Each structure stands twice: as C-alpha cells, then as structure tokens.
Amino acid sequence: MDSTSKEECLTIEVNHTCSFVPKPIVYFNPVKLVVSNVDFRSMTFSEFISYVKKLVNDGRITVYYCVLQRLLRDGLREFEDKNDYVCFLDAGYENGGRMNMYIDHSQVLVMEWIVEEIADNGCSDGHTDDDDDDDIDSELSYNEFVEREPDDEVIQIQPSDDPFLG
C-alpha cells in the first residue's frame, strides 16, 4: 500500500517548449503538462532536476517556478540549489498543493530581464506607477500564464513505479 497521501503531493503545471520574452516578461504559447500525485518531498534537488529534464525531454534547460497569484515579474524564481527546491516545495504546500513551473530551453538571462523591468517601472508589487496602460499590460501577461485556453493541450502525468522516482 502506498503511504503517500494526496495531501503530501503537489500538482505542478509544467510550461515548456517556448521561450521567455522581455518587456513585459512573458512566456508565449507553452506546451503544458500537469504532473500530479507525485511526492516531490521524497526527491533530492538533483533527482528533481533529472525528473524534470526527462519529463520535457531536454537535458539543457533552466527551471523556474512562479508563486501563484503573482506576475511572472514578481513571482518567478530560478532553481539553482537545494534551498530553492525547499522554497518551491514550501510555496507549493502553502498554495494548496499547486505550483506553476516554467522551462527555459534557450538559456537566456530571464532574471536580469526581470530586474531591468522592475527598475524601468519603478516598483515591484505587481503594479506600475506610470499609467493605466502598463497596468493593463501587466494584467494581461499575468492572465496568460495562469489561465488555460480551451484549446491548450494538457497532458496528465500519473505516478510511476520507477524506483528512481520513489
């Protein structure tokens, strides 16, 4: 019998096969995979990154997550080490067991773009002080990442009996 309960598992929407674009930071038309019923806490950081690389069939990627209910500009975080992985897991469980992940296949400097965008807009709370047009652009880019279009292909990934994945 499996001792992992659904409360211990995260549901992660993995957005991949696209690239980030700056000003405002967006991730256009991604392929979305929904991974559920996997206890990521049983994986080490390196096992998790290996799992994601196999999932998206690409060994040269940069992996990011975004805190739910935040603009990419304000909530995007890069996985660099085990501390980032722990923060990702903590945020996922605080967000009702759901997280969004973004895969960069092009090795661009996304975090530098975000710093520049925040500096250009003058604040980092998800709203600009300039004018209403910027607020509309920010809101549109936020919705693009959180909501699924009816024609988006979503592939459900179920738990595996693979001993590597625990």
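This is a predicted model: local features need pLDDT of at least 70, side-chain atom pairs count only at pLDDT 80 or more; totals for chains, interfaces and linings use all residues.
Me: What makes up the secondary structure of the protein chain?
Reply: There are 5 helices and 8 strands. Helices (H or I, at least four residues) and strands (E, at least two) are DSSP runs, numbered from the N terminus. From that end the order is β-β-β-β-α-β-α-β-α-β-α-α-β.

Me: Why is Thr11 called buried?
Reply: Buried means under 20% relative accessible area, exposed over 50%, and partly exposed in between (1.4 Å probe, protein chains only). Thr11 has 19% relative accessibility, so Thr11 counts as buried. Thr11 sits in strand E1 (residues 10-16). Over the protein chain, buried residues make up 41% of the 166 residues.

Me: What does Thr11 touch?
Reply: Contact means heavy atoms within 4.5 Å. Setting aside residues up to four places away in sequence, Thr11 touches Val34, Val35, Ser36, Gly97, Arg98 and Met99. Among contacts in the protein chain between residues at least 6 apart in sequence, 70% join residues at least 24 apart.

Me: How do you know that Phe40 is buried?
Reply: The relative accessible area of Phe40 is 1%, so Phe40 is buried. This residue is in the loop between E4 and H1. Leaving out neighbours within four places in sequence, Phe40 contacts Leu10, Ile12, Val35, Phe48, Tyr51, Tyr85 and Leu89. Phe40 and Thr11 are 29 residues apart in sequence, with their C-alpha atoms 9.9 Å apart in space.

Me: Why does Asp39 count as buried, and what does its side chain reach?
Reply: Asp39 has 15% relative accessibility and therefore counts as buried. Asp39 lies in the loop between strand E4 (31-38) and helix H1 (45-56). Its side chain reaches the backbone nitrogen of Arg41 at 3.2 Å. A polar contact is a pair of N or O atoms within 3.5 Å; within protein, one must be able to donate a hydrogen and the other to accept it, and residues adjacent in sequence count only if both atoms are side-chain atoms.

Me: What span is expected of H1, and what span does H1 reach?
Reply: The expected span of a helix is 1.5 Å times one less than its number of residues. H1 has 12 residues and reaches 17 Å from its first C-alpha to its last, close to the 16 Å expected.

Me: Which residues of H1 are buried, and why are they placed on the same side?
Reply: Phe48, Ile49, Tyr51, Val52 and Val56 are buried in H1. They cover an arc of only 155° around the axis, which puts them on the same side of H1. The arc is that of the directions from the helix axis to the C-beta atoms. After H1 comes Asn57, with a positive phi near 55°.

Me: How do you know that the span of helix H3 agrees with its number of residues?
Reply: At 1.5 Å a residue, the 13 residues of H3 (residues 82-94) should span 18 Å, and the end C-alpha atoms are 18 Å apart, which agrees. Its buried residues are Asp84, Tyr85, Phe88, Leu89, Ala91 and Gly92. These cover an arc of only 165° around the axis, so they are on the same side of H3. The face turned away from them carries the exposed residues Lys82, Asn83 and Glu94.

Me: What covers the buried residues of H3, and what caps its N-terminal end?
Reply: The cover includes E1, H1, strand E5 (62-66), strand E6 (76-78) and strand E7 (98-104). Asp81 is the cap: a side-chain oxygen lies 3.0 Å from the backbone nitrogen of Asn83. Just after H3, Gly96 takes a positive phi of about 75°.

Me: Why do the buried residues of H4 line one face?
Reply: In H4, Val110, Ile114, Glu117 and Asn121 are buried. Seen down the axis, they fall within an arc of 65°, so they line one face of the helix. Val115, Ala119 and Asp120 are exposed on the face turned away from that side.

Notes. Residues are numbered from 1 along each chain as its sequence is written. Side-chain values use heavy atoms; hydrogens and water are left out.
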